[in-house]
Amino acid sequence: MNDLKKALAERILVLDGAMGTELMRRGGKGSLEAMTLDNEAAVAAVHESYLDAGADIITTDTLCADALCLEHYGLSERSYDIARRGAEIARTCADRRSKEGRRRFVAGSVGPSTRNISLANDVTEEQLGDAYETVIRGLLDGGADFILLETVMDARNASIAVERCRRLNADVPVVVSAVLSRLEGRVANGAPVATFLKELPMDGIAAVGFNCSDGPRAMSTALEVLAIECDKPIVAYPAAGDPALGTEKFVRGMEEFCRKGLVNIVGGCCGTTPEYISQLSRMASKYAPRAVAGDA
């Protein structure tokens, strides 16, 4: 999408923070994704809180909306409905808050599912692909601006999801965000960052990066490697850490990435709140985004 590409070249975009913990604060239990159907007001309230904090991008409440995740709750058949409604709720919130010169974007969240295809022996690539495709179709039909494959642990899973997305829409941007191992410079399955990148269909990916991890510092080495190995926009949205970093320490850690010109999208993952995003937004506005090939 030209609007997203233009925005990425102009400024560091701010992604929202944690969804799950914010929904639980509002009474969410069980399948939090089902709240898109059962408690739309709570989901919208989380989106609004992050938009109030200055987020440029809000993510849909659909991380675990694929049929394989939902089977635990007996909701597999509702995957499309949950995904579509999640995107529609976020789209309404984003459109309401968009102003001329500053569009708010909706990221359609697609999680890793419950099967790592490199290890699972109870699901085929076709079945996993079908599960991804149903969610992605719902998100696109609901108005998501781009697809965010997040908490990626296996490049094969991500590749299957990218391929299914391309079947549905050849042009919609796809962003891939991986989880890192506790071993420095490696993703969750143990592969070095450079190897992980080689296993991804990079031609079909608009941006790549990392989420979760134990705070910003745990991402530092991997982001440095990624910036060398990959000529794409970079996204970074770490967790608050365990024990949780306060907002000031978290933002100082993120500021290092901005100062070094490593990132195009920053945000927060597990444990981060609207206050984290508010301070992150103010900080990020001071810095230019990472320059990549094709920027005019």
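Why does S213 count as buried? Its relative accessibility is 16%, and buried means under 20% relative accessible area, with exposed over 50% and partly exposed in between, using a 1.4 Å probe and protein chains only.

Some ground rules. This is a predicted model, where local features need pLDDT of at least 70, side-chain atom pairs count only at pLDDT 80 or more, and totals for chains, interfaces and linings use all residues. Residues are numbered from 1 along each chain as its sequence is written, and side-chain values use heavy atoms, with hydrogens and water left out.

Back to S213. Its phi is near 70 degrees, a positive value in a residue other than glycine. S213 sits in the loop between β6 (207-212) and α10 (220-229); helices (H or I, at least four residues) and strands (E, at least two) are DSSP runs, numbered from the N terminus.

S113 also has a positive phi, about 70 degrees, without being a glycine. The loop between β3 (105-110) and α7 (125-141) holds S113, which counts as buried at 13% relative accessibility.

Next, a cis peptide bond. This one joins D242 and P243, with omega about 0 degrees. P243 lies in the loop between β7 (234-238) and α11.

Last, the aromatic rings. The structure holds one aromatic pair (ring centres of Phe, Tyr or the six-membered ring of Trp within 6.5 Å; planes under 30 degrees apart are stacked, over 60 edge-to-face, the rest tilted). The F250 and Y276 ring centres are 5.3 Å apart with planes at 80 degrees, so the pair is edge-to-face. F250 belongs to helix α11 (residues 247-259) and Y276 to helix α12 (residues 274-284), 26 residues apart. Both F250 and Y276 are buried.
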